[in-house]
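Here is a walk through one protein model and its ligands. Keep the structure open while you read.

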Amino acid sequence: MTRAPKSPASPEKVRNEDIARAFDEVAELLDLENDNPFRVRAYRNAARTLRGAREEVADMIARGGDPDDLPGIGKDLAAQIGEMVASGRLSRLDRLRPEVPALALELSHVPGVGPRRAMDLCEGLKPRPRTLDDVLAAGLDGKVRALPGFGALSEQKLVERLQAERRQDKRFKRASVRPYAEALVERLRADPSVEAAEVAGSYRRGKETVGDLDLIAVSETPARVTKNFVAAPNVDHVLAEGRTKASVVLKSGVQVDLRAVARENFGAAMLYFTGSKAHNIALRRLAQQRGLKINEYGVFRGKERLVGADEAEIYRLFDLAYVPPELREDSGEIEAAARGALPRLVRLSDVKGDLHVHTNVSDGANSLSEMVQAARERGLDYIAVTDHSQSMRIAHGLNRERLLAQIDAVDHFNAENPGFKVLKGAEVDILPDGALDLADDLLHRLDLVVAAIHSDFGLPREKQTERILRALDNRFVFILAHPTGRLLFERDAYDIDMARVLRAAHARGSCLEINGQPDRLDINDAYCRMAKSEGVRLSVDSDAHGARDFINLEYAVAQARRGWLEAGDIVNALPVSELKALIAASR
Ligand code: DGT
Ligand code: CA
Ligand code: CA
């Protein structure tokens with residue numbers, strides 16, 4: 001198996017992510033056109049395969065390989081991949097775009113709208129809407145409820161959603177800006193006049209989404225650095241370019257701000273531009289109490305700079321322990337740092353296993369042995385295979401017979417592969433009434449049961465909560481996966497009484513998951529803190545659907561850190577023997 005390249009690919013190369021995005025857009029447009037659902041899925045699956053592929057297809061093609069060899073990619077899609085790698089364009093997409101109103105695509109991204117309703121709104125409203133604001137105006141006028149399939153209630157919901165959309169500035173998922181952050185830092189570091197380059201801002205704080213990227217570079221010749229920066233190949237346009245700072249917008253639409261600073265100001269600049277703003281304001285208050293001034297150049301008494309080169313030094317000056325970036329939200333971290341009571345945050349290296357992993361037996365892209373190899377390369381000691389259960393037809397979920405076969409296959413695999421442990425698991429669907437999708441005698445045979453909701457997201461709070469409580473009542477359920485079901489920018493969390501769920505989980509010795517899929521990141525940081533205070537442990541999981549998805553563990557750990565969690569709060573920081581004992585005790 002070839003390994004993914006160590007360094008991020010150069011930004012001008014067409015990446016798997018770019019192709020995956022183009023395919024996703026084709027799928028969306030076809031969906032809006034009410035095209036054959038199998039074709040739509042073929043594009044979506046190809047996008048997923050590309051994201052899970054262990055090699056950049058551009059590299060694969062360069063060494064004479066054929067994308068046709070990737071699972072689920074036939075001749076036609078392989079040719080389209082070839083076209084994108086060669087030209088950066090996809091003619092299929094270029095042809096489709098003019099056929100579907102841009103507004104329909106935009107509308108279909110509004111939570112709760114979807115492709116059918118998006119088209120109905122575009123084609124049904126008179127006069128024909130051109131912008132989201134036109135649709136909002138029609139909704140406020142009561143014109144939407146008259147459309148077939150809509151009513152007063154769905155009109156009101158639409159209006160609320162569109163208003164929320166208007167308020168929300170454009171933000172990006174952490175995972176989607178990561179390649180740009182890494183490539184730009186790499187580019188800065190490659191300049192011999194740059195001594196150091198780092199990402200600051202919300203990205204460094206590990207936030208789920210970022211508004212823009214903030215970079216800091218240390219150099220004695222800042223003008224040269226900013227000039228080199230604005231000339232990066234993936235820059236679409238330059239917003240501002242000065243001697244020590246520059247702002248650009250990348251082709252992907254992501255804004256990046258750069259500051260070039262002198263070495264003696266590096267720590268102060270990192271501190272200031274990491275933020276958060278609320279944390280900075282709290283620090284400024286501390287400075288003022290001591291008759292000092294803090295800014296992005298250092299901490300000053302009058303004109304004298306006391307510290308500035310090193311972040312930790314600045315915290316020390318204020319008699320604070322070093323505050324990890326993920327905690328810098330002015331939500332108690334300054335007080336805890338003053339008392340020496342900051343948590344020792346969990347690190348990625350503390351995580352010994354992954355308890356939520358799919359294989360190609362359900363909807364994953366890779367086989368069990370490929371997933372294990374990828375997990376080993378990441379330094380894990382164990383994983384649980386948790387393929388979907390039968391009611392998830394779309395994900396090729398397992399019925400009794402197929403699960404029994406997988407159980408045998410895992411036993412066999414473990415016998416052949418000492419030194420790594422695969423736990424027999426399943427991601428069992430929680431049915432609308434809270435019953436589980438697999439019978440107890442089957443669950444009993446598994447090492448680990450992960451339960452999750454994949455349907456009926458809109459149940460009223462009481463019903464949804466009871467549904468989960470009933471699932472937790474099953475003694476075999478050890479982990480509640482993606483407990484709130486939210487999808488960033490797409491679907492709100494379902495309405496549940498989290499305090500009740502946590503109390504029930506605590507009473508039954510079960511855990512909640514921090515799902516690291518970039519669009520889930522579920523549960524959020526606030527719920528992590530709440531879980532900890534209720535004595536509930538968490539599992540940080542990748543929910544990998546392909547060998548490359550173990551990177552999701554990094555996102556899950558970032559979320560755990562933002563939730564003040566320590567290794568002791570995380571069940572999969574335990575060695576597998578202790579984990580198994582914990583599971584046994586909960587049954
Ligand atoms: P974002 O980009 O919306 O995801 O969030 P941030 O936190 O990256 O915010 P950004 O890019 O506007 O600014 C980067 C950091 O600069 C921010 O975290 C704190 C600092 N900063 C920006 N504006 C102010 C301000 O008005 N006052 C203070 N004290 N700090 C600021
Ligand atoms: Ca930012
Ligand atoms: Ca910024």
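This is a predicted model: local features need pLDDT of at least 70, side-chain atom pairs count only at pLDDT 80 or more; totals for chains, interfaces and linings use all residues.

A polar contact is a pair of N or O atoms within 3.5 Å. An oxygen atom of ligand 1 sits 3.1 Å from an N or O atom in the side chain of Asp214. Another contact involves the backbone: a polar backbone atom of Gly211 is 2.8 Å from an oxygen atom of ligand 1. Tyr272 contributes a polar side-chain atom, 3.4 Å from a nitrogen atom of ligand 1. In total, 16 residues surround ligand 1. The closest are Arg171, Ser202, Arg205, Gly211 and Asp212.

Now look at another aspartate. Asp354 is in strand S11 (residues 353-357). Asp354 is buried, yet it has no salt bridge. How far away is the nearest side chain of opposite charge? That side chain belongs to Arg378, at 8.5 Å. Beyond its sequence neighbors up to four places away, Asp354 touches residues including Leu380, Tyr382, Ile383 and Ala384. Asp541, Ser542 and Asp543 are also among the contacts of Asp354.

Elsewhere, charges do pair up. The count comes to 40 salt bridges. One of them joins Arg178 and Glu554, at 3.0 Å from N to O. Arg178 is in helix H10 (residues 174-190) and Glu554 is in helix H23 (residues 552-562), so this pair ties together parts 376 residues apart in sequence. Arg178 is buried, with a relative accessible area of 15%. Glu554, at 25%, counts as partly exposed.

Asp447 and Lys580 form another salt bridge, with the closest N and O atoms 3.9 Å apart. Asp447 sits in the loop between helix H19 (440-444) and strand S14 (448-452), and Lys580 in helix H24 (residues 576-586). They are 133 residues apart, so this pair too links distant parts of the chain. Asp447 is buried at 17% relative accessibility. Lys580 is partly exposed at 34%. Some salt bridges share partners: Glu17, Arg21, Asp24 and Arg51 are joined into one network.

Arg89 and Asp94 also meet in a salt bridge, at 3.1 Å from N to O. Is this pair buried or partly exposed? Arg89 is partly exposed, with a relative accessible area of 47%. Asp94 is partly exposed as well, at 29%.

Finish at a glycine. Gly425 is in strand S13 (residues 421-429). Gly425 counts as buried because its relative accessibility is 2%. Its C-alpha atom is 7.2 Å from that of Val450, which lies 25 residues away along the chain. Leaving aside residues up to four places away in sequence, Gly425 touches Val385, Thr386, Asp387, Leu403, Gln406, Leu446 and Leu448.

Conventions. Residues are numbered from 1 along each chain as its sequence is written. Chains are lettered from A and ligands numbered from 1 in the order in which they are written. Side-chain values use heavy atoms; hydrogens and water are left out. Helices (H or I, at least four residues) and strands (E, at least two) are DSSP runs, numbered from the N terminus. Buried means under 20% relative accessible area, exposed over 50%, partly exposed in between (1.4 Å probe, protein chains only). Lys and Arg count as positive and Asp and Glu as negative; His and the chain ends are not counted. A salt bridge is a side-chain nitrogen of Lys or Arg within 4 Å of a carboxyl oxygen of Asp or Glu. Contact means heavy atoms within 4.5 Å. A residue is near a molecule or strand if one of its heavy atoms lies within 4 Å of it. A polar contact is a pair of N or O atoms within 3.5 Å; within protein, one must be able to donate a hydrogen and the other to accept it, and residues adjacent in sequence count only if both atoms are side-chain atoms.
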